[in-house]
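The sequence and the structure come first.

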There are 2 protein chains.
Amino acid sequence: MTNAPLRIGVAGLGTVGAGVLKIFAAHQDQLNARSGRPLEVVAVSARNKNKDRGVDVSGFSWEDDPVALARRGDVDLVIEVIGGSDGPAKAATEAALARGAHVVTANKAMMAVHGGHLAQLAETHGASLRFEAAVAGGVPIIKALGEGLAANKMRRVYGVLNGTCNYILTEMQKSGRDYLDILADAQELGYAEADPTADVGGWDAAHKLALLAALGFGCKVDFAGVSVEGIERISLPDIQFAAELGYRVKLVGVAEMSEQGLSQRVAPCLLPADSAIGALDGVTNAVVCEGDFIGQTVYEGPGAGEGPTASAIVGDVIDIGRGGVRPTFGVPASDLSSAAQRPEDSLASAYYLRLTVIDKPGVLAQVTKVLGDAAVSIDQMRQIGRQPDAATVLVVTHEAAHGQVRDAVDQISRLDVSLAEPIALTIERA
Amino acid sequence: MTNAPLRIGVAGLGTVGAGVLKIFAAHQDQLNARSGRPLEVVAVSARNKNKDRGVDVSGFSWEDDPVALARRGDVDLVIEVIGGSDGPAKAATEAALARGAHVVTANKAMMAVHGGHLAQLAETHGASLRFEAAVAGGVPIIKALGEGLAANKMRRVYGVLNGTCNYILTEMQKSGRDYLDILADAQELGYAEADPTADVGGWDAAHKLALLAALGFGCKVDFAGVSVEGIERISLPDIQFAAELGYRVKLVGVAEMSEQGLSQRVAPCLLPADSAIGALDGVTNAVVCEGDFIGQTVYEGPGAGEGPTASAIVGDVIDIGRGGVRPTFGVPASDLSSAAQRPEDSLASAYYLRLTVIDKPGVLAQVTKVLGDAAVSIDQMRQIGRQPDAATVLVVTHEAAHGQVRDAVDQISRLDVSLAEPIALTIERA
């Protein structure tokens, strides 16, 4: 182990990059002590040199181009906080790794799409590539799953991975106001982007889930293998009915390994209101890790924000400073398995269904016949909220194969008496 | 980094030791892959060679004496799962470290009492000494606090650190049965020892708290500095009244660092029922870590048991196999500060008081006068459960200095009208 300074370049000076510089400014001595060697920020790069970032950058060498920063001979480690799966973020990461410089990144999109390739590149050149900040913000879930729980075969990793969606769903329930209203609030508060698709469409959670799955199950990152559904179709009645049944609606990412293969899915679903994930309010993230020896463990904390994300990045830097290169995904990239993808139809869950149908005698009989014919058995069924000519029918099924439920829902949607696309949400085990 | 096998000796073959051997038997290939080198159990030691432990030990060299095991030239790492703060556990640990062999231990008592000395010994000889399994069982809280959150100045670390007490308090609340009844159940279920003092007296939690404080605040382990109060005096009415007020009674360990110094205390206290710690039921453990950049993060999981504890031990072994020696408490033992101890009287909390007094006019006036004279202001006050001649008075105070509340309670207990020792529990911020 060396005691020489670890010289750091920060590529990107947005909120998170500035946060990283603030931690160094506040805790330099502590960071050096914990890393066993001096950690020195020597250079930074961003598009605009003169922007006020609330932190003094005049003491660092400046590069306009992050790739030039990554190639500097006086930089041993690049902190990549530019963002975006490709473009300058990827170019700078590759440039650093290709010459054996370490990279710490908060970039979930880049890691989810190119993680396998980048991990391989890092290993070829004896560099570390770490991404604690990419999942669940400041919560050290990558370290927990990849190191702390490494003695286990993991069975399931799931959780609330997107704070924006959790904020929206929480507020809908608490305020009784509808999706678009709360989304507008979230945009005003800075919890949601002007174009909220990446969050509310489930894509951000899917990036994170693919990373957790790779690490937890020792398989190649397979972002394309994540089935993704967002929260755009969740309406207030779903949240209210779920609450009456003792559940909460959450956007949950679930990765599960079984003999039938790997399942990765992001979707709004119901969870018991008193479970760790069901009870999780606001912008907080939480991940549940289930392994064969450990049983169930839960990790909660702020999923985003300057301080938490920067904390995760600097934690990675300290680790790298300590010496010893760990493979990015726990085992060498070449040893990561290509997990067979489990056909989603073969999964089984209880379901919550909301059907909008014509309000006339015989309709319920039609609906129940379709479900019965598909071998989907009914746990509870209620008709509520009769409008003129239309009725809302809520169905909670017993556990049934996803494929059978889908077929049944598809048939129901094509019945003459069906007035709107049915809503079908799984009820997840907590 | 070496690829040579890491040769392991297991000292102690109780439940946890057997669990460790089971993980090696089940996941040998995965463990090697994650450690980057073969991990080989070569020798074991226990008192009775012929006992059936549900796991085959015939393939390992046998030692009757753990110190002899620790001195074997073919053992690079000793797993110490004998238990007890001194005696053979400490002797074996010292013997291993003194010759530069690594030690992984689950022994909270030994680490709380002798952690500073042992960490120094490990560093002097270039060995690793790790203790993930000593706190919160399988939950990788030592790794989270010492590595994942290392970029932060921690402000407060607190949680439910003893599953036995949490089981008892949870069951009292759910069943409405009294302390001794539930304790007897817990003993029958194996959740409590025949002599339950270490658990219900708060000592086990105090060991763990001292370790969390050392790691979180970078100071020397100071077990003697923990103020300890057990759950023996908690009775059903306290739990029921707390619930009516929206709280749960938990045995909580709290370590807090402020300008006035370090405070470490284990005591039953009230927490909001909907907080992470307040909502924690059964034998589960949970720890909340609060830092300046991260904010608040929560870690939950099984606090004890064969699988979880063995999982934590093997996680430490994998880490050591990876190479790179980390100081036991995050920074070199010689750099650990001696934190000034904050006088407990200077802490401030809201309080829950239960007073048993003579039921006659003027008594409440006497009580409120004592509180008022001590500058303890009252948030709520109720008289309940009138028995012949005796009344129970519940008081919830506003935040007040612990010293002032203690003085007031002491005076109340000496009033002529006081019929029993008052109960005073802090209400902790969640």
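The contact between the chains takes 45 residues from chain B and 45 residues from chain A, where two residues are in contact if their C-beta atoms, placed from the backbone, lie within 7 Å. This is a predicted model, in which local features need pLDDT of at least 70, side-chain atom pairs count only at pLDDT 80 or more, and totals for chains, interfaces and linings use all residues. Residues are numbered from 1 along each chain as its sequence is written, while chains are lettered from A and ligands numbered from 1 in the order in which they are written.

**The two chains**

On the side of chain B that touches chain A, the elements giving two or more residues are α1 (15-35), α5 (141-148), β12 (295-302) and α11 (306-322) of chain B. Helices (H or I, at least four residues) and strands (E, at least two) are DSSP runs, numbered from the N terminus. α11(B) gives the most to this side, with 9 residues. By class, the side of chain B that touches chain A has 22 nonpolar, 14 polar and 9 charged residues. Here Ala, Val, Leu, Ile, Met, Phe, Trp, Tyr, Cys and Pro count as nonpolar, Asp, Glu, Lys and Arg as charged, and the others, Gly among them, as polar.

Chain B is superposed on chain A by a rotation of 180 degrees with 0.0 Å of shift along its axis (RMSD 0.0 Å). That is the relation of a two-fold axis. In chain B, the C-alpha nearest the axis belongs to Tyr299(B) and is 2.4 Å from it. The superposition is by least squares on the C-alpha atoms of residues with pLDDT of at least 70 in both copies. Since 100% of the interface residues of chain B are also interface residues in chain A, the copies meet through the same surface.

Strand β12 (residues 295-302) of chain A and β12(B) run antiparallel and are joined by 3 bridges; two strands pair if DSSP finds at least two bridges between them. Glu300(A) stands opposite Val298(B) in β12(B).

**Domains of chain A**

The domain assignment, which is automatic or from a database, gives chain A domain 1 (6-138 + 308-335), domain 2 (143-301) and domain 3 (344-427). The C-alpha centres of domain 2 and domain 3 of chain A lie 24 Å apart. In chain A, 16 residues of domain 2 are in contact with 12 residues of domain 3. β10(A) gives the most to the side of domain 2 of chain A that touches domain 3 of chain A, with 6 residues.

**A sheet in chain A**

An open sheet of 6 strands has the order β3-β2-β1-β4-β5-β6 (chain A), with parallel pairing. Its edge strands, β3 (61-63) and β6 (129-130) of chain A, each pair on one side only. Two of the pairings involve β4(A):

| Strand | Partner | Bridges |
|---|---|---|
| β4 (residues 77-80) of chain A | β5 (residues 102-105) of chain A | 4 bridges |
| β1 (residues 6-11) of chain A | β4(A) | 4 bridges |

Ile79(A) stands opposite Val104(A) in β5(A), and Val10(A) stands opposite Ile79(A) in β4(A). Both faces of β4(A) are covered: Leu77(A) and Ile79(A) on one side and Val78(A) and Glu80(A) on the other are all buried. A residue is buried if 20 or more other C-beta atoms lie within 10 Å of its own, exposed if 12 or fewer, and partly exposed in between.
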